[in-house]
Amino acid sequence: MIGQLHTGTYVVYPNIKVGEFLEYWLEYVMRPEITFTANSYHTYRNCIRNHIIPQLGNLKLSTLNQGHLHKLYKKLADEYISIPKLAKTIMNTSMQYALKKHLVAVNPCKDVNLPKNKKSYHTIEVKEAETYTLEQVKRLMEASKESKIHMQLVFALLMGLRRSEISSL
């Protein structure tokens, strides 16, 4: 124990669970900070309660390691796009606090990277069977020239607007 005190790796409370620690950290460390907004609080709370605690909540904080974090991040990356990055931010920040307060001997988040995302943002799948060909668009435009709905049809075909969006113009 004297060696641990000398090297700074002594853990004050070895039986604290990850879930208990994260709830405490969120409520009593992060929430009182002036720069921590209500929106951030709710986002962090949802991520902690819905994603991190179900995976890591019953582990002792002192036994948490990089393998546990890799497994968490991989599971989240397989299902979500932005949640893994948020979970990593939460874990990094909370573990830095835990290290500072001697609740962990080393920061298990150090050098843990997120897995590469298989999903990508802003991907639109166009189903060719549900889109008009250029010839069909020309035919519709020509047929509707003398009707009351010609301008609505132009907006719908050329800009991709829905009826309700066109009506509000």
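Helices (H or I, at least four residues) and strands (E, at least two) are DSSP runs, numbered from the N terminus. With that in hand, welcome to this predicted model, whose protein chain has eight helices and zero strands. From the N terminus on, its elements run α-α-α-α-α-α-α-α. Residue numbers start from 1 along each chain as its sequence is written, and side-chain values use heavy atoms, leaving out hydrogens and water. As this is a predicted model, local features need pLDDT of at least 70 and side-chain atom pairs count only at pLDDT 80 or more, while totals for chains, interfaces and linings use all residues.

**How confident is the model?**

- The predictor's confidence in each residue is called pLDDT and runs from 0 to 100; the protein chain averages 84, and 85% of the residues score at least 70.
- Among the elements of the chain, α3 has the highest mean pLDDT (94), and helix α1 (residues 2-7) has the lowest (40).
- Over residues 1-8 the pLDDT is below 50, and this stretch has six contacts in the model beyond near neighbours in sequence (contact means heavy atoms within 4.5 Å).
- Where pLDDT is low, the predicted coordinates should not be read in detail.

**Buried residues and the core**

- Buried residues (under 20% relative accessible area, with exposed over 50% and partly exposed in between, using a 1.4 Å probe and protein chains only) make up 29% of the 169 residues in the protein chain.
- A nonpolar core is a set of buried Ala, Val, Leu, Ile, Met, Phe, Trp, Tyr and Cys residues joined through side-chain atoms within 4.5 Å.
- The largest such core has 32 residues, of which Phe-21, Leu-22, Trp-25, Ile-52, Ile-90 and Met-91 touch the most other members.
- Two or more residues of this core come from each of α2 (18-30), α3, α4 (66-79) and α5, and α5 gives the largest share, eight residues.
- In α2, the buried residues are Val-18, Gly-19, Phe-21, Leu-22, Trp-25, Leu-26, Val-29 and Met-30; they pack against α3 and α5.
- Leaving aside residues up to four places away in sequence, Ile-52 touches Leu-22, Cys-47, Gly-57, Leu-72, Ala-87, Ile-90 and Met-91.

**Where α3 meets α5**

- Helix α3 (residues 38-56) and helix α5 (residues 83-100) pack at an angle of about 85 degrees, with their axes 10 Å apart.
- Axes are lines fitted to C-alpha atoms, for helices over the stretch in contact, and angles run from 0 to 180 degrees between N-to-C directions.
- Angles under 35 degrees count as roughly parallel, over 145 as roughly antiparallel, 65 to 115 as roughly perpendicular and the rest as oblique, so α3 and α5 are roughly perpendicular to each other.
- On the α3 side, the residues in contact include Thr-43, Tyr-44 and Cys-47; those of α5 include Ile-83, Leu-86 and Thr-89.

- His-102 lies in the loop between α5 and α6 (134-143); its phi is near 60 degrees, a positive value in a residue other than glycine.
- At 34% relative accessibility, His-102 counts as partly exposed.
- Asp-111 is also in the loop between α5 and α6, and its phi is near 65 degrees.
- With 66% relative accessibility, Asp-111 counts as exposed.
- Most residues other than glycine have a negative phi.
- His-150 belongs to helix α7 (residues 150-159) and, at 18% relative accessibility, counts as buried.
- Not counting residues up to four places away in sequence, His-150 touches Met-141, Ser-144 and Lys-145.
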